[in-house]
Amino acid sequence: MEAVITVVALLFVLFLVLGAYATVKVIGAAKRGVDRTIDQARRTVEDHTLRAKSFAQPGPAGEIAQLRLKLRTSMRATQEALHAGVGEDESLKESLALFQRLSDHGRDLDNELKRLESDPDRAALAARLPSLRERTERVTGSADALRWAARDRARRFAEDDLDSLSAQIDVEAGALRHWTTSDTTAPAQPASWPEAPAADGPTAGQTWPGTAGDGTAPEPARPAITPPVPRAAYPWQKKPRPESTT
């Protein structure tokens, strides 16, 4: 009886532990989902705000908003492209590591641009704009190069796979239509009947195709009078008498 109670208690504790673990995992997943949703919503709001500032504020402030919007758009697009392709192409891991290093420079530049948006000294801001513009172009140019290289690589792999698949399908289609290759061979021509001689022509035999002349073998010439065949002479026969000349 005590053993049964111990087993039931252990099972109860095990179910409690499993339930607590599942609850923690579900809460963690829900929290991460909420965080992603909040981050995405915050980025969307910031992008719309920067776009509005770039059109509404003239001068250096509006240009800084344009630089921030360009930087954030390029970095986000490159990040999404690399994360989407690294699962299928292991060689993109090195590109992703380089992008992480580039992201550090991009975040520093974005933070600096964000601080300068509220700077009241417009003259100093205008003096720093060329260097800020150059840094933004370098960061976004590197990000765009990584993104387009990853896309070109994925498209190249897709084209190679499509070419190989098309070649295999052509071979399979030809094998399925095997009767067409035998039908296209020219059949042997049957032997034709000999041509009949003309009605008003000399009497001749029919001519078969492929034979020379009229198709009849020439007969040997026969003499006009057949010479007599000499008879065998026997000893008991008399010699023939010569005919009289008178």
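Is Leu 18 buried, exposed or partly exposed? Hi everyone, let me start with that one. Leu 18 is partly exposed, because its relative accessible area is 48%; buried means under 20%, exposed over 50%, and partly exposed in between, with a 1.4 Å probe and protein chains only.

Before going on, a word on the model. This is a predicted model, where local features need pLDDT of at least 70, side-chain atom pairs count only at pLDDT 80 or more, and totals for chains, interfaces and linings use all residues. Residues are numbered from 1 along each chain as its sequence is written, and side-chain values use heavy atoms, with hydrogens and water left out.

Now the overall picture. The protein has five helices and zero strands, running α-α-α-α-α from the N terminus; helices (H or I, at least four residues) and strands (E, at least two) are DSSP runs, numbered from the N terminus. Of the 246 residues, 19% are buried. The accessible surface is about 19800 Å², with 61% belonging to carbon and sulfur atoms; the areas come from Shrake-Rupley with a 1.4 Å probe, and for residues only the protein chains shown count as cover.

Back to Leu 18, which sits in helix α1, residues 2-56. Together with Val 7, Leu 11, Leu 14 and Phe 15, Leu 18 makes a nonpolar surface patch of about 480 Å². Patch residues have over 30% relative accessible area and no salt bridge, and nonpolar side chains (Val, Leu, Ile, Met, Phe, Trp, Tyr) are joined within 5 Å, like charges within 9 Å. A salt bridge, by the way, is a side-chain nitrogen of Lys or Arg within 4 Å of a carboxyl oxygen of Asp or Glu.

For my other residue, turn to Asp 110 in helix α3, residues 92-117. Asp 110 counts as buried because its relative accessible area is 11%. Its side chain makes a polar contact of 3.0 Å with that of Arg 68 (N or O atoms within 3.5 Å, one able to donate a hydrogen and the other to accept it; sequence neighbours count only if both atoms are side-chain atoms). Asp 110 and Arg 68 are 42 residues apart in sequence, with C-alphas 6.1 Å apart.
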